[in-house]
Amino acid sequence: MSEYAQIIVDGKTYELPIIRGTENELAIDISKLRSQSGIITLDPGFKNTGSTKSAITFLDGEIGILNYRGYPIEQLADHSTFTEVSYLLIYGELPTAVELAAFQNATTQHTLVHEDFKTILDGFPSTSHPMGVLSSLVTALNAFYPKSTNLDKSPEAINLSIIRLLAKMPTFAAWSYKKKMGQPVNYPNNNLDYCSNFLHMMFALPTMSYDINPVVTKALDKLLILHADHEQNCSASTVRIVGSSQASLYASISAGINALWGPLHGGANQAVIDMLESIKADGGNIQKWMDKAKDKNDPFRLMGFGHRVYKNFDPRAKIIKKAADEVLTALGVQDPILDIAKGLEEKALADPYFVERKLYPNVDFYSGIIYRALGIPTEMFTVMFALGRLPGWIAQWQEMRGNQEPIGRPRQIYTGKTKRVYFPCSQR
Ligand code: SDX
């Protein structure tokens, strides 16, 4: 295998090094191309462009592989916990029992937030989307912990910021729900595990306590593991590029939350349910909606289908589909839109339009059906995605800062007006 690629422009040859990752992925390093040739590359949406070298997550979209720090997602989903996977992603190794206990204790001790956050929450109208509330509360952490904006690069200071964010995110997420519902917020209960505490803060009421159901907490923990990281997706890339300007961890994560909100990204799980509900309301006419998705003149897309990287089944979708059946059965929930989802998947996987474009169900296609069964409202689905993705974003931000990567600043090809002379308004 050659160590160099050659680009020939106007008879001149430029040699560019080829680099190989630990999973044998190959890239042409173009970092010196412009200085050698004055030429840049162009790749809208970065569909073929690597932004970094990373040791956090490996995925192979052709065969549907997803590993966190080398561990297959299937093994972690079956045997690990979200807290343990968070540790793995952020610190690079699975914790020992002592390390896990210390991490659990640290992230539990910081779940309470300053009372003034309730004043911030009160400033939002009840119509606010929980994702907007969540990103605002995370940004506000900079105000309560001003030292976090100019991390003095000490590992201890950075780690304390990480622990604070991991611990307070469930509190913020639950409070964004309570805002929506017009209900009083619940304070964290440090005697409960991560998922039990989150569900308690979400659903406990002054008039009735929330009974923890192990089926629900186990399903939620699995969903959070499956969402924990996904290499250089839109929101992780946002976190890295915002952090590359040396913006704080909280500012960078808040930017990631806002990138995830979009319906083409994490907002798809909410859009899938809206779509399935529309199909149900429309009499379950699946073919009609499939035809809409294939019609180039119709902006409608089959939400929860297709993926920038996976050109095979999204391994997370397989696990979530199986979990959806198990959870609904265990909870005795009958949800007609699960049958519509399965019917849609079956039809799409046999339809040439989807087969030719290698469009398969992605992580968002079935996740909303489980969230619904767990009693989580649709507008909170993307917040659940953000809760799961937080350790991945943190790991990506920390890796970028640890690698001392330069500030992200892509180039462009200008296609506007060439130089022209200014005339005052009276002469135009
Ligand atoms: C997530 O990147 C990540 O890792 C993201 C994520 C993570 O964990 O962080 O996995 C989470 O964001 C999952 C994706 C959630 N989004 C959706 O489910 C929205 C619906 N999907 C599409 O919008 C689309 O598939 C994207 C955005 C996910 C990917 O789009 P690409 O890679 O830019 O591909 P494309 O739009 O160029 O599509 C290629 C072709 C086009 O047709 P042609 O121009 O070739 O004729 O496939 C078609 C598209 O029109 N197509 C679809 C489709 N997705 C792609 N047609 C109908 N329905 C769809 N869902």
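## Ligand surroundings

Of the 25 residues around the ligand, those that come nearest are His230, His307, Arg308, Arg316 and Arg389. The model is a predicted one. By residue class, the shell around the ligand divides into 10 nonpolar, seven polar and eight charged residues.

In the side chain of His230, an N or O atom is 2.6 Å from a ligand oxygen. Lys47 places a polar side-chain atom 2.9 Å from an oxygen atom of the ligand. Gly304 contributes through its backbone, where an N or O atom lies 2.8 Å from an oxygen atom of the ligand. On its own the ligand has 1,100 Å² of accessible area, and the protein covers 79% of this.

## Helix H17

Helix H17 spans residues 363–373 and is mostly covered, with 10 of its 11 residues buried. The buried residues are Val363, Asp364, Phe365, Tyr366, Ser367, Gly368, Ile369, Ile370, Tyr371 and Ala373. Their cover includes helices H9 (214–226), H12 (268–281), H14 (315–331), H15 (336–348) and H18 (381–402).

The N-terminal end of H17 is capped by Asn362, which has a side-chain oxygen 2.8 Å from the backbone nitrogen of Asp364. Asp364 is itself one of the buried residues of the helix. Just after H17, Gly375 takes a positive phi of about 90 degrees.

Strands E1 (residues 4–9) and E2 (residues 12–20) pair in the antiparallel sense, and six bridges join them.

Strands of a sheet pair through backbone hydrogen bonds, in either a parallel or an antiparallel sense. Here, three strands form an open sheet in the order E4-E5-E6, and the pairing is antiparallel. Strand E4 (57–60) and strand E6 (71–72) are the edge strands, each pairing on one side only.

Between E4 and strand E5 (residues 65–68), which run antiparallel, there are four bridges. Asp60 has Ile65 of E5 as its bridge partner.

Definitions and conventions
Residues are numbered from 1 along each chain as its sequence is written. This is a predicted model: local features need pLDDT of at least 70, side-chain atom pairs count only at pLDDT 80 or more; totals for chains, interfaces and linings use all residues. Side-chain values use heavy atoms; hydrogens and water are left out. Buried means under 20% relative accessible area, exposed over 50%, partly exposed in between (1.4 Å probe, protein chains only). Helices (H or I, at least four residues) and strands (E, at least two) are DSSP runs, numbered from the N terminus. Contact means heavy atoms within 4.5 Å. A polar contact is a pair of N or O atoms within 3.5 Å; within protein, one must be able to donate a hydrogen and the other to accept it, and residues adjacent in sequence count only if both atoms are side-chain atoms. Two strands pair if DSSP finds at least two bridges between them. A residue is near a molecule or strand if one of its heavy atoms lies within 4 Å of it. Accessible areas come from the Shrake-Rupley method with a 1.4 Å probe; for residues, only the protein chains shown count as cover. Ala, Val, Leu, Ile, Met, Phe, Trp, Tyr, Cys and Pro count as nonpolar, Asp, Glu, Lys and Arg as charged, and the others, Gly among them, as polar.
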